[in-house]
Amino acid sequence: MFIDIDCAQQKKYNQNAYGDCFLSKRTQGRLIAVLSDGLGSGIKANILSCMTAAMLLKFLEAGSNIQKACEIIMNSLPVCQVRKISYSTFSAIDCSSDGTARIVEEGNPQFIRIRNGEVLEPECKIIASTTFPDRCMRIYNIKLEPGDRLIFCSDGVTQSGLGVLKLGLRREGLIDLIMNKLKTKPDISSRSLSKYIVRCAQYTEADKKAKDDISAVSIYCREPRESLIFTGPPFHAENDKIYADLFKNFSGKKAICGGATANILSRELNIPIENQIPLSSDNLPFVSQMEGVNLVTEGILTLTRACEYLDAPEPVINDNAAGQLVKFFLESDCINFMVGAKLNQAHYDPGLPVEIEIRKNIIKKISKLLEEKYIKKVTVQYI
Amino acid sequence: MNNPPKIEVRICNGTSCCLMGASRLMKLFSIIRRRFGCKADVLTAACLGQCWRENNKPPHALVGDEIIYNATVEKVIENLESKL
């Protein structure tokens, strides 16, 4: 089972920093994530929420018990001298790959759990703080199953539209929004759903101006969308057939990045490469077609450009080969790279421009980005 | 009467060729279609596999079954005309 997680955020109107912070990481087969809402808005809230989220994530990553870690944070978070309320609130999530999840919330709105189109109300244990009588945290132990969804949000979502709607959007309004969306798009991704929630919350506000920082985190358990990218010729040419068969028998989506690689697979699998009339180029080599393969592109130049697109603040998806490759990456959950280790002597010709990268390096950069920025599961196999 | 088979022109789309100016050869798409529309076809190729050999300066193009090294628009047209 794969856990698809994503977060969308909107800053408070007229502020230039997010006051909520979302951090997550896949580590040792687990998924850990923290959503923290800092007191106030702007830079102050940003610092408070980032500190809380970063500390909690470090605690969880180091293998601390989530309840213990959250208790320590709850008991030690300072109180604002002016407003006499805590500096930040948080929700922490720790899921293992078998679906067991432990969730702790302190101060944030209660999360929403949806299974088969119904909202479930999970049981929780409440632990009061030993140092601050007004603080308490809710602890949930749940078992996630394929198809389950969890929605976490900051109070900017549930309190959006105060004044426009009598009591704001509230939890009930949010549930209605999500349910209606799920009726029309039952398999919506976490990325789209969290963006949708944030947009709805913002549009509920008067003049569409967010009065607080808005964040929504969506978790969706589903069968993983696997993909395989074959790039570079295998080091030992006699193994070409073995790897070509592995590629052929892979059940998910497939891409080939590399002209020579495409030629090898075409030869071994007896599938012709078709080169259609080029449409958009943008100075990049064109895309080719092979039956049974979702995407065939050139190697190094396309991968280098795709890496730049992934590194941009918002991933670039356009018509050229690199844009299509980025789209291919983002539509997968588990991305497997098969990287041929054979060197193309021609690429080391001193007459070539220096922009040319070494394949292993560029794959290393891309897989790091996909893992850390886009929270994908990535494996790299050198062949 | 049957028309003779069209001559196929392929422009290599591999890494070395693209770096060394294959994009300049893309003009061939419009030129060949306009001038030799019924006698020649022009396509790209994933990689013509010539970069593995020494002393073959990219970019490469294939006219019929002849490889053209260090290809330019003029060289390809000249070669194509000699074959027609």
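## A walk through chains A and B

Contact here means heavy atoms within 4.5 Å, while axes are lines fitted to C-alpha atoms, for helices over the stretch in contact, with angles from 0 to 180 degrees between N-to-C directions. Helices (H or I, at least four residues) and strands (E, at least two) are DSSP runs, numbered from the N terminus. What you are looking at is a predicted model, in which local features need pLDDT of at least 70 and side-chain atom pairs count only at pLDDT 80 or more, whereas totals for chains, interfaces and linings use all residues. Residues are numbered from 1 along each chain as its sequence is written, chains are lettered from A in the order in which they are written, and side-chain values use heavy atoms, leaving out hydrogens and water.

Two strands count as paired if DSSP finds at least two bridges between them.

Asp94(A) and Arg30(A) meet in a salt bridge, at 2.7 Å from N to O. Asp94(A) lies in β4(A) and Arg30(A) in β3(A), so the pair ties together parts that are 64 residues apart in sequence. A salt bridge is a side-chain nitrogen of Lys or Arg within 4 Å of a carboxyl oxygen of Asp or Glu, and the count over all chains comes to 19.

Further along chain A comes another open sheet, with seven strands in the order β14-β15-β16-β13-β12-β17-β18 and mixed pairing. Its edge strands are β14 (273–274) and β18 (377–382) of chain A, each pairing on one side only. Strands β15(A) and β16(A) run antiparallel and are joined by two bridges, with Met290(A) opposite Val293(A) in β16(A). Helix α7(A) lies across β12, β13, β14, β15 and β16 of chain A, at about 125 degrees to β13(A). Helix α9(A), residues 321–330, lies across β12, β13, β16 and β17 of chain A, at about 145 degrees to β16(A).

Now turn to where the two chains meet. The contact takes 26 residues from chain A and 18 residues from chain B. Together the chains bury about 1,800 Å², 66% of it on carbon and sulfur atoms; buried area is the accessible area (1.4 Å probe) that two parts lose on being put together, summed over both. On the side of chain A that touches chain B, the elements giving two or more residues are α7 (259–269) and α8 (300–311) of chain A. The largest share, four residues, comes from α7(A). The interface of chain A and chain B has zero salt bridges by the rule.

In chain B, a cis peptide bond joins Pro58(B) and Pro59(B), with omega of about 0 degrees; Pro59(B) sits in the loop between β2 and β3 of chain B. In chain A, Asp207(A) has a positive phi of about 55 degrees although it is not a glycine, and Asp207(A) is found in the loop between α5 and β11 of chain A.
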